[in-house]
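User: I'm new to this one. Can you walk me through some side-chain contacts?

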Amino acid sequence: MPVQPERFLKDLHALSGFGASGVGKGVVRPAFSQNDIAARKWLIQKIREAGLTPHVDPVGSVWGLAEGASLLLGSHTDSQPEGGWLDGALGVMAALEIARTAREHDGPAVSIVSFQDEEGRFGVTTGSAIWAGTLSLEEADTLTDRDGITFAEARSSMAHLAGNFVDPARFTAFLEMHIEQGPWLDQSEDVIGVVSDIVGIRDMRITFEGEQNHAGTTPMHLRKDAFQTLSTFNTSLNEAFAEVVTPATVWTIGHVSLHPNASSVVPGKVVFSMQWRDADKARLDRMEEIVRTEAMGIAEDHGLQVSFGPLLGLEPVAMDARLKQALRQSAESLAPGQWRDMPSGALHDATNVAAHLPVAMLFVPSINGISHAFSEDTEEEDLVVGLNVLAGAVVRLTN
């Protein structure tokens with residue numbers, strides 16, 4: 001398939017202009033922000049120019065639909081609050097170039113998608129989770145971001161563009177190209193990663209509530225300090241996890257909101273995110289038990305109350321064997337001896353799409369293994385190799 005690398009790179013750079021941070025190639029394009037909506041309107045126009053039918057579903061995901069049964073390619077175009085220019089965007093622009101080339105040369109039917117809120121402003125891969133049926137729209141509408149804005153309020157900003165959900169039965173399979181977001185390809189001689197499976201994830205908010213008081217006059221033994229409780233929980237959790245995790249298991253205490261967050265006040269409340277990932281469902285479930293047990297025990301010891309928000313997450317997903325083989329054959333043809341099978345420790349929309357379709361993923365290197373940061377980058381020649389490998393896989397699958 002004679003894709004045009006220059007056109008592909010031009011579009012990729014153009015997309016990075018929506019929400020450009022001014023720091024390197026970084027972007028600020030969270031879901032439903034003005035930058036995100038502007039980027040989606042631009043994408044709709046590119047889809048129309050490519051000869052596909054643009055469609056926006058009720059949650060803001062943008063589709064470019066070919067006629068009849070088609071192969072689906074894509075990813076997402078929203079970013080982290082401080083994101084890179086390739087995370088998600090690469091997969092959408094590669095999909096656009098392949099779909100456009102296929103139409104120009106009477107090739108196979110290829111549709112594309114940019115799922116909304118993959119980066120989790122409101123949940124975990126929200127747009128694709130709703131489309132897959134793993135998260136109901138009614139439940140999603142109640143989710144809030146850090147500022148208390150609901151998903152329902154946010155998606156209303158695109159309601160004038162929205163139609164119905166797209167029927168998954170019109171697609172035969174899904175391929176997603178992505179940067180690795182890790183160091184392994186960059187540290188090796190390999191330029192392509194064929195994903196074997198995607199880890200599962202669990203994510204929830206936890207709240208410790210104690211007693212706000214004067215920092216100078218409240219004796220240490222009488223304090224109900226929310227931050228000290230969180231600190232103890234973190235240490236205790238690491239020790240408790242040690243008996244059940246593997247070297248590939250990861251967990252993170254992320255967004256922490258301390259109240260009242262003042263230097264002369266004993267903090268009476270802390271809300272924080274607790275996330276853990278592993279490729280084994282049983283281990284994920286066991287880790288949840290440990291999280292809840294440790295939090296309740298430590299709260300009781302410190303005289304605080306603890307509460308848990310909704311548990312969000314996705315199960316581990318293995319990639320489809322036939323699709324993987326097409327990617328392997330294409331990689332060996334274009335980058336002989338410079339590709340590898342590898343798992344994905346990061347979460348992707350393909351996890352949700354697997355509820356409807358066979359899925360597979362392709363990685364290209366991330367320089368220094370950096371992602372979710374303004375300094376995220378990949379050599380352009382590696383981006384082009386990835387584009388050609390993906391195109392080669394499409395030809396193999398549709399022939």
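User: What does Asp285 form with Lys281?
Analyst: Asp285 and Lys281 form a salt bridge, with the closest N and O atoms 2.8 Å apart. Keep in mind that this is a predicted model.

User: Where do Asp285 and Lys281 lie?
Analyst: Both lie in helix α8, which covers residues 281–302. They are 4 residues apart, about one turn of the helix.

User: Is Asp285 buried, exposed or partly exposed?
Analyst: Asp285 is partly exposed, at 25% relative accessible area. Lys281 is partly exposed too, at 42%.

User: What about Glu288, which residue does its side chain meet in a salt bridge?
Analyst: Arg292, at 3.0 Å from N to O. This pair also sits in helix α8, 4 residues apart. Glu288 has a relative accessible area of 18%, so Glu288 counts as buried. Arg292 is partly exposed at 25%.

User: Which ring does Arg292 lie over?
Analyst: The ring of Phe308. Arg292 is over its face, 5.0 Å from the ring centre.

User: How many salt bridges does the count come to?
Analyst: The count is 18 salt bridges. One of them joins Arg340 and Asp190, at 2.8 Å from N to O.

User: How many residues apart are Arg340 and Asp190?
Analyst: They are 150 residues apart, so to speak distant parts of the chain. Arg340 is in strand β15, residues 339–344. Asp190 is in the loop between β5 and β6. Arg340 is partly exposed at 28%, whereas Asp190 is buried at 13%.

User: Which residues are linked in a network of salt bridges?
Analyst: Arg7, Asp11, Lys46, Glu49, Glu97, Arg100 and Glu104.

User: New topic: how many aromatic pairs?
Analyst: The count comes to 14. Phe32 and Phe122 form an edge-to-face pair, 6.4 Å centre to centre with 70° between the planes.

User: Which parts does the pair of Phe32 and Phe122 tie together?
Analyst: Phe32 is in the loop between α1 and α2, and Phe122 is in the loop between β4 and α4, so the pair ties together parts 90 residues apart in sequence. Phe32 and Phe122 are both buried.

User: And why is the pair of Trp63 and Phe115 edge-to-face?
Analyst: Because the planes of Trp63 and Phe115 are at 85°, and over 60 degrees counts as edge-to-face. Their centres are 5.6 Å apart. Trp63 lies in strand β2 and Phe115 in strand β4, 52 residues apart in sequence.

User: Are Trp63 and Phe115 buried or exposed?
Analyst: Trp63 is buried, at 0% relative accessibility. Phe115 is buried as well, also at 0%.

User: Which residues form one aromatic cluster?
Analyst: Trp63, Phe115, Trp131, Phe171 and Phe174.

Technical notes: Residues numbered from 1 in each chain as written. Predicted model: local features only at pLDDT ≥ 70, side-chain atom pairs only at ≥ 80, totals over all residues. Heavy atoms only, no water. Phe/Tyr/Trp six-rings, centres within 6.5 Å; stacked < 30°, edge-to-face > 60°. Helix = DSSP H or I, 4+ residues; strand = E, 2+ residues; numbered from the N terminus. Buried < 20%, exposed > 50% of the residue type's maximum accessible area, 1.4 Å probe, protein only. Lys NZ or Arg CZ within 6 Å of the ring centre and 35° of its normal. Salt bridge = Lys/Arg side-chain N within 4 Å of Asp/Glu carboxyl O.
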